[in-house]
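Look at the model below, then read on.

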Amino acid sequence: MASINKLLDKPGFGIAILRIVVGFIFFMHGWEKFNGGIEGTAVFLGSLGIPAPTFMAVLLIATELIGGIMLILGLFTRYVAVAEAIAMVVALVTVHLENGFSSQTGGYEYVLALIGASLALVLLGSGSLALDNLLSPRLTGRQITARA
């Protein structure tokens, strides 16, 4: 029981859970778009008035698919989370806002949660179990301490 309490006292594990789940959600959305074809996503983006819809479709799919994998791995988490948040803000403004709050009616409830989760990762870093931990304290959110 003491080891469970020790684990629960580590906020890094909570951040890791958030990062991995959000990464999986973005990966699955990107996978669906990729399997549906870039053309279909481009047509949809074009119907929204998004400029250069084919390029933007590739960018969106890459952001969700590759970005999702990077979040799962905890690699450049803060930077990827910024890109994911931007993608969700665009989705919020162009698609979901006019449908009200409820996701059951196509509203912004779901994308708002993803924006919040992404911004939390920007502020908190990657947490535990992340490749960022091998790279730089700034990537993870860990404090740099001076040695005496």
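## Starting point: Met 88

Where does Met 88 lie? Met 88 is part of helix 5. The model is a predicted one. Met 88 counts as buried because its relative accessibility is 6%, and the cut-off for burial is under 20%.

Which residues does Met 88 contact, leaving aside neighbours within four places in sequence? They are Phe 26, Glu 64, Val 111, Leu 114 and Ile 115. Val 111 sits 23 residues from Met 88 in sequence. Their C-alpha atoms are 5.8 Å apart in space.

## Overall architecture

The protein has seven helices and zero strands. Along the sequence the pattern reads α-α-α-α-α-α-α. The protein has 148 residues, and 32% of them count as buried.

Helix 5 spans residues 77-96. Its buried residues are Thr 77, Val 80, Ala 81, Glu 84, Ala 85, Ala 87, Met 88, Ala 91 and Leu 92. These residues lie on the same side of helix 5, because they cover an arc of only 165° around the axis. An α-helix has 3.6 residues a turn, so residues three or four places apart point the same way.

What do the buried residues of helix 5 pack against? Their partners are helix 2, helix 4 and helix 6. The other side of helix 5 carries Tyr 79, Ile 86 and Val 93, which are exposed.

## The largest pocket

The largest pocket holds about 570 Å³ of space. Its lining comprises 26 residues. Closest to the centre are Leu 60, Glu 64, Ala 87, Met 88 and Ala 91. Met 88 and Glu 64 are also in contact with each other.

Which helix gives the most to the lining of the largest pocket? Helix 5 does, with nine residues. Helix 2 (11-36), helix 3 (38-47), helix 4 (53-73), helix 5 (77-96) and helix 6 (109-124) each supply at least two. By type, the lining residues divide into 17 nonpolar, seven polar and two charged.

How many aromatic pairs does the whole structure hold? A search finds three.

Phe 27 and Trp 31 both belong to helix 2. They are four residues apart, about one turn of the helix. Together with Phe 34, they form one aromatic cluster. Trp 31 has 38% relative accessibility and counts as partly exposed.

Is Glu 32 buried or exposed? At 53% relative accessibility, Glu 32 counts as exposed, because the cut-off is over 50%. Glu 32 and Ile 61 are 29 residues apart in sequence. Their C-alpha atoms are 9.0 Å apart in space.

Tyr 110 lies in helix 6. With a relative accessible area of 35%, Tyr 110 is partly exposed. Not counting residues up to four places away in sequence, Tyr 110 touches Ile 25, His 29 and Ser 103. Tyr 110 and Met 88 are 22 residues apart along the chain. Their C-alpha atoms are separated by 9.5 Å.

## Positive phi in the loops

Ala 52 is not a glycine, yet its phi is positive, at about 45°. Where is Ala 52 placed? Ala 52 sits in the loop between helix 3 and helix 4. Its relative accessible area is 46%, and Ala 52 is partly exposed.

Leu 129, a residue other than glycine, also has a positive phi, near 55°. Leu 129 lies in the loop between helix 6 and helix 7 (137-140). At 61% relative accessibility, Leu 129 counts as exposed.

Terms used. Residues are numbered from 1 along each chain as its sequence is written. This is a predicted model: local features need pLDDT of at least 70, side-chain atom pairs count only at pLDDT 80 or more; totals for chains, interfaces and linings use all residues. Side-chain values use heavy atoms; hydrogens and water are left out. On a 1 Å grid over the protein atoms alone, a cavity is a set of points where a 1.4 Å probe fits but cannot get out, and a pocket is an open set with protein on both sides within 12 Å along at least five of seven lines; lining residues have an atom within 4 Å of a point. Grid points are joined across faces, edges and corners, and a volume is the space filled by probe spheres set on the points. Ala, Val, Leu, Ile, Met, Phe, Trp, Tyr, Cys and Pro count as nonpolar, Asp, Glu, Lys and Arg as charged, and the others, Gly among them, as polar. Rings of Phe, Tyr and Trp (its six-membered ring) pair if their centres lie within 6.5 Å; planes under 30 degrees apart count as stacked, over 60 as edge-to-face and the rest as tilted. Buried means under 20% relative accessible area, exposed over 50%, partly exposed in between (1.4 Å probe, protein chains only). The arc is that of the directions from the helix axis to the C-beta atoms. Contact means heavy atoms within 4.5 Å.
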